[in-house]
Amino acid sequence: MDFENKTFLVAGAGKSGIGACNLLRKVNAEVIIYDENENLDVEALKERLDDPNVSIAVGKLEESLLDEVDVMVISPGIPTREPFVVKVREANIPIWSEVELAYQVGKGRLVAITGTNGKTTTTSLVGAIMAAHYAHVDVVGNIGNPYTTTAGDSDESTVTVAEISSFQLETIVDFKPDVSAILNITPDHLDRHRTMKCYADMKFRICENQEPGEAIVLNYEDSILRDYATTLDKKIVWFSIKREVPCGVYLEGDDIVYIDDGEKTYVTNKNANNLVGIHNLENIMAAIAISMNMDVPVGTIAEAIRTFNAVEHRLEYVDTIDDVIYYNDSKGTNTDASIKAIESMTRPTILIAGGYDKNSSFDEWADKFEGKIKCLVLLGQTSEKIADTVRAKGFENIIFTKSLEEAVEQSVKNAEPGDTVLLSPACASWGMFKNYEERGDKFKELVKNLRG
């Protein structure tokens, strides 16, 4: 697209919206940033923008404004059923996610990774592998660095590794990775997507513009992914921790092997890394499948995996105090992610959980307590819902708290030498914290303070 002489309405004044505005000004588009919050601090917003020549609109979206607009770029946190978004759609104005904007501007090769869980670890690991082989690598997306902040500086030699959410995929148009990946699909964000089919459909949009024969990496042990794969005309590259696959990554004993067109390649040993848990073995295998299809040498892949360390807030070791180990898994914002953390525990565990209610069921999560969880410390909106679920399963050792500070205090009181204290909320942080990072940082601070 020729961005000059085009006017873009950027919806949302958060990090994604700011990134979109700055990128649009870099390509000489006219920009209006809009936020429904009529009490937004406009002066503070101006200071966050790179260019003062951005118009700002707050409060009710005036229909007269739409007469000026060619495209709206929507931040992922804004549901597409919001009344003002519907109004824009009814005016026949194209609506792009900010990753669509970044794709339209960006150059080079693109890896796009989605899934309910494991996205951040896998994206970070793939980024480390790419950086070990390619000179110019950008790791972007929900990982904390919007794609729009790097797209304007990319060139044909750039490799971009992007963590992509279902929210962003709702409003793509031409977005097309060279290699895509869906790690898993389990219930999440049903407050927004309403049904599992809608949620899965959004995830699979990641590959809808890929050419026949271009690679999409999928988890063979996920039945939803197996079913969807039968409808795709792409190159399906599987990974599996349980069985040999026709094309992709699997285990032979303790060895991780890649197979393509009948040719097997030994990559690494499953123990030659610093990551904890079966779920991280799956993340490693997905990263190998992606990297092999991005033409990275096997030796480079193996060495990057060997030296890679865990992502912050994802089963992150914090400290050992009086023989009690503290883990920060604040990124466990849904039950499936928290299940993986629980399954990784090898000591009696005090679990801190609860938070914002995303209409999730906690039944399967509670089933994992046996032999793992000795005490459940609850906080947040979902406390009673979780307590009712685990009691129905026969688990009674529950402590209710009103804050993370109190939750840590109660965990310390109930911990004995040889135990683990695990923050893995199975819920979003909203309502108590801005995001899971703030929640995890607070937990680490509280644990650090235990040393006085």
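User: Why is Asp 322 called exposed?

Analyst: This is a predicted model, in which local features need pLDDT of at least 70 and side-chain atom pairs count only at pLDDT 80 or more, while totals for chains, interfaces and linings use all residues. Residues are numbered from 1 along each chain as its sequence is written, and side-chain values use heavy atoms, with hydrogens and water left out. A residue is buried under 20% relative accessible area, exposed over 50% and partly exposed in between (1.4 Å probe, protein chains only). Asp 322 has a relative accessible area of 66%, and is therefore exposed. Asp 322 lies in the loop between β15 (316-321) and β16 (324-328), and its phi is near 55°, a positive value in a residue other than glycine.

User: What makes Asn 28 partly exposed?

Analyst: The relative accessible area of Asn 28 is 42%, so it is partly exposed. Asn 28 is placed in the loop between α1 and β2; helices (H or I, at least four residues) and strands (E, at least two) are DSSP runs, numbered from the N terminus. Asn 28 also has a positive phi, near 70°, although it is a residue other than glycine.

User: How do you know that the length of helix α1 agrees with expectation?

Analyst: The expected span of a helix is 1.5 Å times one less than its number of residues. Helix α1 (residues 15-26) has 12 residues and should therefore span 16 Å; its end C-alpha atoms are 17 Å apart, which agrees.

User: What makes Val 31 buried, and where does it lie?

Analyst: Val 31 lies in strand β2. Its relative accessibility is 3%, so Val 31 counts as buried. Leaving aside neighbours within four places in sequence, Val 31 is in contact with residues including Phe 8, Val 10, Cys 21 and Leu 24.

User: Why does Lys 270 count as partly exposed?

Analyst: Lys 270 has 29% relative accessibility, and therefore counts as partly exposed. Lys 270 is found in the loop between β14 (263-269) and α12 (278-292). Apart from neighbours within four places in sequence, Lys 270 is in contact with Leu 251, Asp 254, Ile 256 and Leu 281.

User: How many aromatic pairs are there, and what makes the pair of Phe 3 and Phe 8 stacked?

Analyst: Rings of Phe, Tyr and Trp (its six-membered ring) pair if their centres lie within 6.5 Å; planes under 30 degrees apart count as stacked, over 60 as edge-to-face and the rest as tilted. By this rule the count comes to 11 aromatic pairs. Phe 3 and Phe 8 are 5.6 Å apart, centre to centre, with 25° between the planes, and form a stacked pair. Phe 3 has a relative accessible area of 7% and is therefore buried; Phe 8, at 0% relative accessibility, also counts as buried.

User: Why is the pair of Phe 362 and Trp 365 called edge-to-face?

Analyst: The angle between the planes of Phe 362 and Trp 365 is 70° and the centres are 5.7 Å apart, so the pair is edge-to-face. Phe 362 is buried, at a relative accessible area of 2%, and Trp 365 counts as buried at 0%. Ring pairs link Phe 362, Trp 365, Phe 369 and Phe 395 into a cluster.

User: How do you know that Arg 226 lies over the face of Tyr 220?

Analyst: A charge sits over a ring if NZ of Lys or CZ of Arg is within 6 Å of the ring centre and within 35 degrees of the ring normal. Arg 226 lies over the face of Tyr 220 at 5.3 Å from the ring centre.

User: How do you know that the radius of gyration agrees with that of a compact globule?

Analyst: The radius of gyration is taken over C-alpha atoms, and the globule rule is 2.2 Å times the number of residues to the power 0.38. For 452 residues a compact globule would have a value near 22 Å; the protein has 23 Å, which agrees. Its C-alpha atoms fill a box of roughly 65 × 60 × 40 Å, taken along the principal axes. Buried residues make up 57% of the 452 residues, and the secondary structure comes to 18 helices and 20 strands.

How values were computed
Contact = heavy atoms within 4.5 Å.
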